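Here is a friendly tour to read beside the structure. Please keep the viewer open as you go.

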Amino acid sequence: MPDGLFWHRSPFQAPDPESLEEPLPVTLKRLADLHPDRPAVITGTTTTTFGALMHRATVLGERLRHCADHGPVALLLSCGPDAIAAWFACAIAGRPFLLLDAGNPPNRLLQLIGDAGAGVVLCDDGTIRSLEAAPHLRKIRSDEVVGSPMATAFPLDAHAPLAIFPTSGSTGPPKLVVYSTVTMLAKVRASMVAFRISSDDRVVIAGSHGTFGFVHHALSFLLGGSAICLVDLARDGVPGLVRAIDIQNAGNARFVPSVFRSVARLPEARHALRSLRAVRFSGEPLLAADVALAEEVLSPACFIQNVYGSTESGLFVWSRGERREGHAVSAPIGRIYPLWEYAILPLEDADGTGGQDGEETGELLIRSPFHPPGDLCQGRLDASRFPASSDDGSKRLFRTRDIVRRSDDGQLQLLGRSDRMVKVNGNRVFLTEIEETLRAMPEVEDAAVVPGQEEGRVALYGFILVPGQLTTPAAPRVWLAERLPRCMIPRTVEQMKTFPRLPGGKVDYAALTARAMAVPASNDPGAPIGEEPVAARLRCCWNNVLGGNAGDAKADFFERGGDSLSLVELAAAFTREFQREFPLDHFLADPTLRGLRRALDSDHKAASQRVCLAPQGEEVRDGLVVGAPARPTIFSANRDVRLRHVRGASSPSRGIALAMPGWGGTAQVLPFLSAGLFNDHEVWAADFLLSRKTILHDHAWVRCAVNIADFIRSGAFGAPRILFGFSAAGSIAWLVGRLLAGTPWCPELVLMVDAAPLHRMKAYRSGQLDKALAAADPDAIPDAILLCRAQIPGLAFPIGHRFLWHEQDNIRMVISVPTVSHADMCHPRILARAVSCLQGKLPEGPREWHVAGPEVAGLAGGRKHAFLGALMATKPPDPCLLSEGLVKEFSHGEPEMLLATVLRLADRSLAESFLRAAVAGNPGTALLRYAWARIRRSGPMLCHEPGRQPSGGRWDRITNIENILFAECLENERAAPRIIRRTVQLLDLVSACLGAVPSRVAGLVGRALKVVGWHQFRMTL
């Protein structure tokens, strides 16, 4: 180890040294004496208080104390309060515990028990079956241990072994890392400060409950006086997680990133995740895509942290809001905990090969007097992995084997591991970085990359795990080529249903390497016998670029190893060989030898005006294609836009119907096909590659529309007859039609479903939009059909966006649907009403159709619309109808509109009952929570007497501000200061309507803004 390294210390405040030597049972006893009835452990509907947890720990401790067996106690327990009480019970009994994961195979469990020399296993009815192969083991079932607590001592010294944590075994045989009390409490006490834990917090921990990460997070909250909610995802599933957050009011959560990705994709979990106040990730690398996903599904005020560290070493933490590199695949690991310090060993010292990375990139070294004392080996403590520091003998070193880069502000970025670093053509390549980039692909659940040897050179082989029957939306190597250097692109990327795993659950890289090397690299088969000369010349160009791995004529260029650089080489080779321009657009539509030959034989100029249609003869049932062959796909020159063929016409085609990208960048087509809207059209879909968040962030919707319009005008795609889309996609369809106005590619119709005129909203406008609109021909705008939600007569609160569209937007037909739900507008029954409009000629001048109520009566939004219509039709509104219907129909959904109804019509008692139910169904809605807090402090009448208008026209002013507030994008960070000011005005007016005392308005607004949680509120107030 070289001398003279610079050791970086933590910027965080260190915990009190005396708190690090207090035995765990003493801390638990103090909490139990202070708060005996406070919840400590919550499992499902069972709550264990601090007093009951201490009682249980004492009973189990007494039972373990009187065991004749010696050595550690192996803990193999199901997810429940006994699994927590056992940690304290072992300390009471004076014996260290060996933490075991009940999900491990029996052979691994028995091996770990034997290696640790555990004399007794504490198990229960759910785990004892894993030990059937070892009848000689002494087993104590916790669910059979009963008794009364007795006066006990705590004989474990603060520096004696407290716990034994097995490692995963991914870098060799599993190691048994020994923790003392001070080692454990050093991490726990520091985490209590870094996590900003208070005694009122509750945390839900999802994932494995047999790892150090679980113990660390659980003790951090438990010793701080907080409650922990245990969720076994294998047993309780996502509903159990949602119940823990909703019913138990758990505002904190700890996730393994892969678990979070799966949970966040589920619609039933979104509302629960939105109510979380803090989320911490640990156990796996946190990707930048994970942070973007968290920012999308969590509340804007949610505190997000990334916690990094191995079982052996100190911890690092990064918090949302701190700097992170824009191009990095993973989130930073942040800053080191107090009581530890780190140095960076330059790579030339780490691997002995030299390099140009400098002192701030290299292997991470950590030292501290609070490192684990060593590993348990054959009953002895082996401290060889934790040697004393040469310049400070009180501190022990640990070499992490992780490669990091330190930024100017002190943040650390994890690049990979030294034992997973290879050199390809002289370039250092971290396999972890390639894996993380693959994991960021849509639908990819996990990824692995292994090195191998091919013709004396290092070759990389990739593997991706895709759940179920899903297929990846893009070629993996193309995905990598757009994000990584060429030397980091694997030779092949194989899709697998499952990965081989080590007993600890990590990927078995040795098995994947054996799998990759067992399949020899395919040699160039050469030109088939009898291949005609032109095809042979094409194959020669192809093979020279791909290194002799062409495959058959149907082999995809990108799947065979091609990337953007290879495409440039192929174009140059084609031009040299045939003395003509490379047909890029047509080749991308069919990137095969066969497609290249067709493009060569065809007239390129004439072909540019045609679209490659789907094969004929496919079967269509209920508007959907059954057994259709693979569809052609066209990529734009910049590859941000992809046009894919969805379905051919079931009758003589009237033209092309092109779907626009939606919220997530992918076009939504299935509801339109199910409604039979385009049975006589060739249906295509346009997808847009988003760099972050959604189509409405950073004016991506404008760039998307401009790119699609430019692509169509280039002649690589035929002129569409109809552009269509739902919600934001409808707005993009209108803009693309406007940009194509006056050109040969201008569509006949634009179909918009419940779309807002984004081009008229300040939050969505940009300089690029203004230039594009100024350049378009305003007199040749295509006709537009708008399906929108119908307004309720007498209710001032607007529904949908009909009132925002102007006459100059050329809306020729409006179909009003009596529903209050945005989601209902995409129902096939509703969409089917536009069939006749698409087939016939639209009338001159604007015209509006109203869908009959019975057609939507079966939809939830339709029932709500009918209820409010009947309510507003009575003069004055019927109190009985109001009382019975509000709670029954409106406990969930459309909270802002329902609040407007309550403010207009309800007295205090009715509004209070409704708001109680509405807040329970919509806990993350700030406006409802403000109204609930306000109604409990107001006079006998919430707003005014039933049936009468608010005084002074204030209701109209409130409605106008609400229109602005909800029409502008609340998620748009640039609009936040303006929205804040208008929110303050809105809440001020609501307070005035409710008769609030002026001196209390500022306090009420401040609390309301704190509920909403925007960062700029404090400065604004």
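This is a predicted model: local features need pLDDT of at least 70, side-chain atom pairs count only at pLDDT 80 or more; totals for chains, interfaces and linings use all residues.

Helices (H or I, at least four residues) and strands (E, at least two) are DSSP runs, numbered from the N terminus.

**The nine-stranded sheet**

- An open sheet is built from nine strands, in the order E3-E2-E11-E10-E12-E13-E14-E15-E16, and its pairing is mixed.
- At the edges lie strand E3 (46–49) and strand E16 (335–336), each of which pairs on one side only.
- Strand E2 (residues 39–43) and E3 run antiparallel and are joined by four bridges, with Thr43 standing opposite Thr46 in E3.
- The hairpin of E2 and E3 has two residues between the strands, and there Gly44 takes a positive phi near 60°.

- Ser313 sits in the loop between strand E14 (303–308) and E15.
- Is Ser313 buried or exposed? Ser313 counts as buried because its relative accessibility is 1%, below the 20% cut-off.
- The side chain of Ser313 makes a polar contact of 2.9 Å with the side chain of Ser310.

- Most residues other than glycine have a negative phi, which is the background for the next two residues.
- Leu339 is not a glycine, yet has a positive phi of about 80°.
- Leu339 lies in the loop between E16 and strand E17 (341–346), and with a relative accessible area of 22% it is partly exposed.
- His699 is not a glycine either, and its phi is positive at about 60°.
- Where does Leu339 count as partly exposed, His699 counts as buried, with a relative accessible area of 12%.

**Two helices**

- Helix H2 (residues 50–65) has 16 residues and spans 22 Å from its first C-alpha to its last, close to the 22 Å expected at 1.5 Å a residue.
- Buried residues of H2 include Phe50, Leu53, Met54, Ala57, Val59, Leu60 and Leu64, and Arg56 and Glu62 are also among them.
- Helix H26 (residues 860–873) has 14 residues and reaches 20 Å between its first and last C-alpha, close to the 20 Å expected at 1.5 Å a residue.
- Which residues of H26 are buried? They are Gly861, Gly862, Lys864, His865, Phe867, Leu868, Leu871 and Met872.
- An α-helix has 3.6 residues a turn, so residues three or four places apart point the same way.

**Cavities**

- How many cavities of 30 Å³ or more does a search of the whole structure find? The search finds three.
- The largest cavity holds about 60 Å³ of space.
- Lining the largest cavity are Arg323, Arg324, Glu325, Pro332, Ser407, Asp409, Gln411, Leu412 and Gln413.
- By class, that lining of the largest cavity comprises two nonpolar, three polar and four charged residues.

Terms used
Residues are numbered from 1 along each chain as its sequence is written. Side-chain values use heavy atoms; hydrogens and water are left out. The expected span of a helix is 1.5 Å times one less than its number of residues. Buried means under 20% relative accessible area, exposed over 50%, partly exposed in between (1.4 Å probe, protein chains only). On a 1 Å grid over the protein atoms alone, a cavity is a set of points where a 1.4 Å probe fits but cannot get out, and a pocket is an open set with protein on both sides within 12 Å along at least five of seven lines; lining residues have an atom within 4 Å of a point. Grid points are joined across faces, edges and corners, and a volume is the space filled by probe spheres set on the points. Ala, Val, Leu, Ile, Met, Phe, Trp, Tyr, Cys and Pro count as nonpolar, Asp, Glu, Lys and Arg as charged, and the others, Gly among them, as polar. Two strands pair if DSSP finds at least two bridges between them. A polar contact is a pair of N or O atoms within 3.5 Å; within protein, one must be able to donate a hydrogen and the other to accept it, and residues adjacent in sequence count only if both atoms are side-chain atoms.
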